[in-house]
Amino acid sequence: MQLLRGLEEIDGIRGGFASIGNFDGVHRGHQAMLNTLISRARSEDVLAIAVTFDPHPIALLKPDAAPPELTTIEHRAELLGRYGVDVTVVLPTDRQLLSLTAEVFFDTILREKLQVRGLVEGPNFFFGRNRSGNITVLRGLCHTHELSFDVVPPVTVDEQLVSSSVIRSLIESGDMAHTVRLLGHAYRLTGRVGQGAQRGRTIGFPTANLMDVTTLIPANGVYSGWVLLDNGRHPAAINIGPNPTFGEAARKIEVHLLDFHGDLYGQSLKVDFVDRIRDVRRFESIEQLQSQLQQDVAVVRTAAAHV
C-alpha cells in the first residue's frame, strides 16, 4: 500500500476508483465501502484509492468540538492497505482546501488531479465549503461527467449502527470487546516508552510506560492485548489509570509484556487492545496486588492462546 501526503507525486496513480472520507478507525462500515471500491477497481484493472484528511476538517473549523482520533494517519493507511486499498492520499487540511466549493473540489481534485473513473461513498458523505456537497450533489456531478458512482448503505453489528462516534463512546466506557467487534480488528494505541517509577520490576511485573499518545485512550481499567515489536508480537496486560495501591493519582498507561526481557525505553510501541479484564482498584498489600497481577497474566495468556 502506497501512502502519499498531498497531490504532488500522483502521476502514477491517476485513473483509478476513489473513496473520500476521514476513515477514522477503518471500521466495518468503512470496510463495506472499501469492498465495493476494490471490486470496482479490480474489474477494470486500475487502482483503488482512499482519499483522507489530516487533520480532521473539524479541527480547523471548530477546534473545541473536534473528536479525539481513533487512528494515527500511519495506522489508518496501514489498515486501509490491509483491507485492499492500493493508495492512500492524505490531503493536508488547511483553510484553502476548506474554502473550495463542492463543485471546485470535484473538478480540481477528483477530475483534474486524480482523474478518477468513479467514486464510492457512504450515505452521509459531505464535502466542499460549509459541507455544501452531499450524496445528491455528488451523484449529479458524476452523472454529468460520466463517472460511475456507488453509495454503500450503513452497516450494523449486534443491532448497533457502526460509526466512529459510536466506537468512541464504547472506548470511553472501556467496552473493548464490543469495540473490536465494530472495528473488525484490535484497537491500537501508539506511543513512546518513557521513564516510570520502575516499581513494577521490583514486584516481578515490569511495565513499559506509554507516553505521547495522540489517539483516544480507553477508560481506566486492566486490559488484555498485544504489543507489536520488530521481532513479532507479544501478549500483554495493559493498565490504564492511577496506582491507588501506591498512592499515585496520575493517570498512566502501563504495559506488561508477557515473557519478554529487554529494554524498551525510548522506543515507539504499538499496543493493540482486545478485551477488558477488570477495574483499577486499591489493594491492601503488595502480596494481594501480586496475586491479582498473576491472575491478570493468566487471563491474558489464555486469551492469547486462542488467537
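Q: Where in the chain does D45 lie?
A: D45 sits in the loop between α1 and β3. The model is a predicted one.

Q: What is phi of D45?
A: Most residues other than glycine have a negative phi, and most peptide bonds are trans. D45 has a positive phi, near 55°, although this residue is not glycine.

Q: Which residues does a cis peptide bond join?
A: The cis bond joins D54 and P55, with omega about 0°. P55 belongs to the loop between β3 (48–54) and α2.

Q: How should I read the crossing of α7 and helix α8?
A: Start with the distance and the angle. The axes of α7 and helix α8 (residues 176–183) come within 8 Å and cross at roughly 155°. Angles over 145 degrees count as roughly antiparallel, and α7 and α8 are therefore roughly antiparallel to each other. The crossing of α7 past α8 is left-handed.

Q: Which residues of α7 and α8 make the contact?
A: From α7 come V166, I167, L170 and I171, and from α8 come M176, H178, T179, L182 and L183. Sorted by class, the contact of α7 with α8 holds seven nonpolar residues, two polar ones and no charged ones.

Q: How much space lies in the largest pocket?
A: Rolling a probe the size of a water molecule over the atoms shows where empty space is left. In this model the largest pocket holds about 1300 Å³ of space.

Q: Which residues of the lining lie nearest the centre of the largest pocket?
A: The lining of the largest pocket has 42 residues, and those nearest the centre are N22, N124, F125, F126 and R131. At least two lining residues come from each of α1 (28–43), α2 (57–61), α4 (95–98) and α7 (164–173). By class, the lining of the largest pocket consists of 23 nonpolar, 13 polar and six charged residues.

Q: How many cavities of 30 Å³ or more are there?
A: A cavity differs from a pocket in that the probe fits but cannot get out. The count comes to two cavities of 30 Å³ or more. The second largest cavity contains about 40 Å³ of space.

Q: What lines the second largest cavity?
A: Its lining is made up of G25, L70, T71, H75, L79, L183, H185, A186, Y187 and R188. The elements giving two or more residues to this lining are α3 (73–82) and β9 (187–194). By class, five residues of the lining of the second largest cavity are nonpolar, four are polar and one is charged.

Definitions and conventions
Residues are numbered from 1 along each chain as its sequence is written. This is a predicted model: local features need pLDDT of at least 70, side-chain atom pairs count only at pLDDT 80 or more; totals for chains, interfaces and linings use all residues. Side-chain values use heavy atoms; hydrogens and water are left out. On a 1 Å grid over the protein atoms alone, a cavity is a set of points where a 1.4 Å probe fits but cannot get out, and a pocket is an open set with protein on both sides within 12 Å along at least five of seven lines; lining residues have an atom within 4 Å of a point. Grid points are joined across faces, edges and corners, and a volume is the space filled by probe spheres set on the points. Helices (H or I, at least four residues) and strands (E, at least two) are DSSP runs, numbered from the N terminus. Ala, Val, Leu, Ile, Met, Phe, Trp, Tyr, Cys and Pro count as nonpolar, Asp, Glu, Lys and Arg as charged, and the others, Gly among them, as polar. Axes are lines fitted to C-alpha atoms, for helices over the stretch in contact, and angles run from 0 to 180 degrees between N-to-C directions. Angles under 35 degrees count as roughly parallel, over 145 as roughly antiparallel, 65 to 115 as roughly perpendicular and the rest as oblique. A crossing is left-handed if the near helix is turned anticlockwise from the far one by less than a right angle, and right-handed if clockwise. Contact means heavy atoms within 4.5 Å.
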